[in-house]
Amino acid sequence: MAATRALPAGFGELEVLAVGTVLLVEALSGLSLNGLTIFSFCKTPDLRTPSNLLILSLALADTGISLNALVAAVSSLLRRWPYGSEGCQAHGFQGFATALASICGSAAIAWGRYHHYCTRRQLAWDTAIPLMLFVWLSSAFWASLPLMGWGHYDYEPVGTCCTLDYSRGDRNFISFLFTMAFFNFLVPLFITLISYRLMEEKLSRSGHLQVPALIAKTMPTINAINYALHSEMVCRGIWPCLSPQKSKQDRTQ
């Protein structure tokens, strides 16, 4: 791969600038919303629970996705990839690892909610911590395989960011793609669907059906709104920290 490459034929500056603008908006919104989630978890001791640890893990993953989008946005606005071949590999690995952590983290949250509502037992630290570590180590493992020859990272068509090279049709990449998709897309999707389905049946029988909508949680902004800003993170974490009255009370104390 070339170290620093110009825009490929067929892409004008206007298209690349439009892509860069969209990526910049997505990156900044994701960083802002997930940053509030991380801040509230660190700032409010009452929120440091095993269940919220899984939400924190998801927020960290989505922050990583947003940072990856920010790099792509800067490159698009520069209208070139300035970080060379090694930078492309690092960008592809970081983006893929955090994307997988976000998908698997969403499944972990779904299972955690099933455990809470259906067994009536709080999630324990000795379950939440290993689960979070498994999500991140598994994601890093699968994202590292293209660096070792199974799969391949390359420039996206516009040439200003890097990801898996889906244009390859050889046996090496196809075998990686299907195996990775089974363990990192189909299995998490199955866990998420079954968890929410069982929780829906349980709460329907008890007459307390208050289950959040099941959404394909691949966007950092959607995750932040769905899991953090619609939960106790807002009531007990974010708004008290940002409230002028709360700040005044803290100063008087």
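Modeller: What follows goes through the cysteines and then the aromatic side chains. This is a predicted model, in which local features need pLDDT of at least 70 and side-chain atom pairs count only at pLDDT 80 or more, while totals for chains, interfaces and linings use all residues. Residues are numbered from 1 along each chain as its sequence is written, and side-chain values use heavy atoms, with hydrogens and water left out.

Biologist: Good, so how many disulfides does the count come to?

Modeller: The count comes to 1 disulfide, where a disulfide is a pair of cysteine sulfur atoms within 2.5 Å. C88 and C162 form it, with their sulfur atoms 2.1 Å apart. The pair links distant parts of the chain, since C88 is in helix α3 (residues 84-119) and C162 is in strand β2 (residues 162-164), 74 residues apart. Helices (H or I, at least four residues) and strands (E, at least two) are DSSP runs, numbered from the N terminus.

Biologist: Which hand does the disulfide of C88 and C162 have, and why?

Modeller: The torsion about its S-S bond is about -120°, so the disulfide of C88 and C162 is left-handed.

Biologist: And are C88 and C162 buried or exposed?

Modeller: C88 is buried at a relative accessible area of 0%, and C162 counts as buried at 4%. Buried means under 20% relative accessible area, exposed means over 50%, and partly exposed is in between (1.4 Å probe, protein chains only).

Biologist: What about C161, where is the nearest cysteine sulfur?

Modeller: C161 is in no disulfide, and the nearest cysteine sulfur, that of C162, is 6.8 Å away. C161 is buried too, with a relative accessible area of 7%.

Biologist: Switching to the rings, how many aromatic pairs are there?

Modeller: The structure holds 9 aromatic pairs. Rings of Phe, Tyr and Trp (its six-membered ring) pair if their centres lie within 6.5 Å, and planes under 30 degrees apart count as stacked, over 60 as edge-to-face and the rest as tilted. One of the pairs is W150 with F176, which is edge-to-face at 5.6 Å centre to centre and 70° between the planes. W150 lies in the loop between α4 (125-144) and β1 (153-155) and F176 in helix α5 (residues 171-206), so the pair ties together parts that are 26 residues apart in sequence.

Biologist: Which other ring does F176 pair with?

Modeller: F173 and F176 have ring centres 6.4 Å apart and planes at 50°, so that pair is tilted. Both F173 and F176 are buried, whereas W150 is partly exposed at 28%.
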